[in-house]
Amino acid sequence: TRVASGIFGLGFLILPNPEGVKKISASSFSQGCGVGGIGVLFTRGKVDVKGNRYAQGVGAFGLGIIKNELGDDSTFTLDRNGQGAGFVRGLGVFSLSGNRVQIKGGLIQPDPREPLGTVSICQGMGYGHRGYAGGGVGIMALKGDNSSIEGSYFAQGCGYWHGLGLFRFKGDNSKIQARRYDQGTGVHYAF
């Protein structure tokens, strides 16, 4: 199923009540995905969000936003391509405020160049298709303490092929981990 998905249209899901745990598990192209449209997922309070691909704040020729406030003890898991990823002419935004948060993105698909690496394309990643079209803008903005953010290749403030990736984290006692082309890297004419 798709949730908060704007595929050539509009898709919004707003859960403003901070009480209880919200569990949102969905397939690809979901959870704040805008492809030729606008997709927005807004939550308050503790959430457990699981997605496949192109989810959790991803835009391609559109706008995708996922925003969580008061998100203490929340978890976000994604197979690949999201968590603030902007593809061609897209803007993807992942915004979160909360403590003791766990975010894992792109730790599933092995990279053919290195057996220990995986392809993430997430967590503030602006990605273009090399030789065809320039990338979009990907933004991940986090605020909180004692959290864990994990990615691998192309993650955490990386731009690829005319893309712009931004990663902002404000907090203490947290673990931020990625493997390659990450944490403020511009690859092939990118920022």
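This is a predicted model: local features need pLDDT of at least 70, side-chain atom pairs count only at pLDDT 80 or more; totals for chains, interfaces and linings use all residues.
Six strands make up an open sheet in which the pairing is parallel, and their order is E2-E5-E8-E11-E16-E20. Strands E2 and E20, the latter spanning 164–170, stand at the edges with a single partner strand each, so one side of each is left without a neighbour in the sheet. Direction ignored, neighbouring strands of this sheet are turned by 0° against each other on average. Strand E16 (residues 137–143) runs parallel to E20 and is joined to E20 by seven bridges, and valine 137 stands opposite leucine 164 in E20.

**The surface patch**

Strand E2 covers residues 10–15 and includes isoleucine 14. This isoleucine 14 has a relative accessible area of 53% and is exposed, because exposed residues are those over 50%. Together with Leu10 and Phe12, Ile14 forms a nonpolar patch on the surface, and the accessible area of the three together is about 350 Å².

**Salt bridges**

Across the whole structure, a search finds seven salt bridges.

| Pair | N to O distance |
|---|---|
| Arginine 100 and aspartate 73 | 2.9 Å |
| Aspartate 111 and arginine 113 | 2.9 Å |
| Glutamate 150 and lysine 175 | 3.7 Å |

The side chains of arginine 100 and aspartate 73 meet in a salt bridge. This pair links distant parts of the chain, 27 residues apart, with arginine 100 in the loop between strand E11 (91–97) and strand E12 (102–105) and aspartate 73 in the loop between strand E8 (63–69) and strand E9 (75–82). Arginine 100 is partly exposed at a relative accessible area of 41%, and aspartate 73 is likewise partly exposed at 35%.

In the salt bridge between glutamate 150 and lysine 175, the closest N and O atoms are 3.7 Å apart. Here too the pair links distant parts of the chain, since glutamate 150 lies in strand E17 (residues 148–150) and lysine 175 in strand E21 (residues 175–177), 25 residues apart. Glutamate 150 counts as buried, with 16% relative accessibility, whereas lysine 175 is partly exposed, with a relative accessible area of 39%.

Finally, a network of salt bridges links Arg44, Lys67 and Glu69.

Conventions:
Residues are numbered from 1 along each chain as its sequence is written. Side-chain values use heavy atoms; hydrogens and water are left out. Patches are made of residues with over 30% relative accessible area and no salt bridge: like charges are joined within 9 Å, nonpolar side chains (Val, Leu, Ile, Met, Phe, Trp, Tyr) within 5 Å. Accessible areas come from the Shrake-Rupley method with a 1.4 Å probe; for residues, only the protein chains shown count as cover. A salt bridge is a side-chain nitrogen of Lys or Arg within 4 Å of a carboxyl oxygen of Asp or Glu. Helices (H or I, at least four residues) and strands (E, at least two) are DSSP runs, numbered from the N terminus. Buried means under 20% relative accessible area, exposed over 50%, partly exposed in between (1.4 Å probe, protein chains only). Two strands pair if DSSP finds at least two bridges between them. Axes are lines fitted to C-alpha atoms, for helices over the stretch in contact, and angles run from 0 to 180 degrees between N-to-C directions.
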